[in-house]
Amino acid sequence: MTANNGRAASRHVVTNEGAAAEGKRKGTARLRPQYAHYAHITGWGMAVPERVLANAELSRLVDTSDEWIVTRTGIKQRRIAEGKETSTTLAVEAAQRALEMADVLPEDVDMIVVATCTPEYAFPPTACLVQEAIGAERAAAFDVSAACTGFIAALGIASEAVRCGSVGAALVIGTETLSKVTNWQDRGTCILFGDGAGAVVVQGSDVPGGVMSYLLRSDGSGGNLLSLPSIGAVRAPGVTGRLDHTIDMNGREVFRFATRAMASITREAVAVAGLTMEDISLIIPHQANRRIIEAAARGLELPDEKFYMNVERYGNTSAASIPLALCEAVAEGRVRPNDRLVFVGFGGGLTWGAIAVHWDVTTPPEVSRWRHLGRQTRIGFSRVRSLGRRVLRRVEGVFFGSQAAEVEPPHRGGKK
Ligand code: ACO
């Protein structure tokens, strides 16, 4: 079971004119202009595990206190995946909510990009597991790895594909289960991280607005400051030299880098979009630490209120943190039609990036119960077709002597 606050904010984004938009709502036309010059966010959704891990409970695991964690980070609690919850299952739930809000059917999704540093598998990509679970039969699907900057990278890639017209609708997901790679004996890191997923739908249109600028930067010389050794590691690149699959971090150095990078890349993204800082209504930053966000605000000479923060509820959810924050900012009425926003992230790599968005929303048309049921039925049919393809592959293997009979699917995603 997961909680969802994003859906409560029932809004809809206008992405195309008259008949096309009306046709899209009725499911009679695909919103796929050949040369869509603009990429609009038209749906969003989130999913977090129900299990809450509060600071008080953490202070029984390591030598820390609620007071220390709140003062140094702003974090009060985080969500922790349990049982069969994985980055995939959270991604599937967030994706389904985003698609429903955008009123886009799974078969109309052309591309799925998942940002995660906690995939279940190196391959198949998490995006392919999502693709099957939601029944997006026509979609290209791949993962991007850019640590906490992952969602910015994924949204940028998808927006560019939409803008050039080769993709009509893209699903962009940030999903993490960092609790699985946290060293629960290390008080310097285990207090920071949490689990969750957020997703957005991006659609093409010739109506001006949507994603206005997209910037990414990297500095591999700082790779050792924040690392998570993976299955191919021959030696840990991290500061402590440990070789285990848990997060290794030089907190002070990352802190210094983050405050500088966030301020400079935000300024750049705003300038490239042809805007000034005064035009920006809200900045939705990666939620790593309240003090980092406040320092970035000082660097930009902006009041803290210009930055959305929900780090106290979820901690640092890496690639999921910006879409989670976006969902909650919309639900709380902090994002309004015609607002100019900036999404800004930083993380391991080192990587950092920002996206300026013109949030052009109007009141949504209510998605009818029948359309909702229709969507569920189509997902059901698509799962049956997927199962049919597996069976067919086995039968072919028997008759045509395939060397390796297909083994059980690695994962089915979706609701438990
Ligand atoms: N509880 C109590 N004391 C602690 C804890 C804890 N959980 N953790 C560290 N301390 C102690 C240290 O041991 C140190 O004690 P000492 O002075 O006796 O040696 C003291 O507190 C101060 O330690 P600092 O590391 O200087 O504490 P700081 O104020 O820098 O806060 C923190 C540490 C919160 C980790 C901070 O540096 C930070 O947030 N850095 C950025 C981390 C970050 O954002 N990482 C994610 C990047 S995104 C990604 O890609 C995953």
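Tutor: Helices (H or I, at least four residues) and strands (E, at least two) are taken as DSSP runs, numbered from the N terminus. The structure above is a predicted model, in which local features need pLDDT of at least 70, side-chain atom pairs count only at pLDDT 80 or more, and totals for chains, interfaces and linings use all residues. Residues are numbered from 1 along each chain as its sequence is written.

Student: In which loop is Asp103 placed, and what is its phi?

Tutor: Most residues other than glycine have a negative phi, and most peptide bonds are trans. Asp103, in the loop between α4 and β6, has a positive phi, near 55 degrees.

Student: Which residues does a cis peptide bond join?

Tutor: Pro124 belongs to the loop between β6 (111–115) and α5. Another joins Gly349 and Leu350, with omega about -5 degrees. Leu350 is found in the loop between β14 and β15 (351–359).

Student: At what angle do the axes of α4 and α5 cross?

Tutor: Axes are lines fitted to C-alpha atoms, for helices over the stretch in contact, and angles run from 0 to 180 degrees between N-to-C directions. For helix α4 (residues 87–102) and helix α5 (residues 126–134), the axes cross at roughly 50 degrees and come within 9 Å. That makes α4 oblique to α5; angles under 35 degrees count as roughly parallel, over 145 as roughly antiparallel, 65 to 115 as roughly perpendicular and the rest as oblique.

Student: How do α7 and α8 pack?

Tutor: The axes of α7 and helix α8 (residues 290–299) are 8 Å apart, at an angle of about 45 degrees. These two helices are therefore oblique to each other. Where α7 passes α8, the crossing is right-handed.

Student: What is the strand order in the open sheet of four strands?

Tutor: Two strands pair if DSSP finds at least two bridges between them. Here the order is β10-β15-β14-β13, with mixed pairing. β10 (210–218) and β13 (282–285) are the edge strands, each pairing on one side only. From one strand to the next, the twist averages 15 degrees. Between β13 and strand β14 (residues 339–347) there are four bridges in the parallel sense; Leu282 has Leu341 in β14 as its bridge partner.

Student: Which residues around the ligand come nearest?

Tutor: A residue is near a molecule if its C-beta atom, placed from the backbone, lies within 6 Å of it. Of the 23 residues around this ligand, Thr64, Cys148, Gly251, Ala288 and Gly347 come nearest. Helices α3 (66–73) and α7 (251–272) each supply at least two residues of the shell, and α7 gives the largest share, five residues. By class, the shell holds 11 nonpolar, nine polar and three charged residues (nonpolar: Ala, Val, Leu, Ile, Met, Phe, Trp, Tyr, Cys and Pro; charged: Asp, Glu, Lys and Arg; polar: the others, Gly among them).

Student: Why does the ligand lie between the domains?

Tutor: Domain bounds come from an automatic or database domain assignment. The ligand lies between domain 1 (2–210) and domain 2 (213–309 + 333–362) because both give residues to the shell around it.

Notes. Left-handed = near helix turned anticlockwise from the far one by under 90°.
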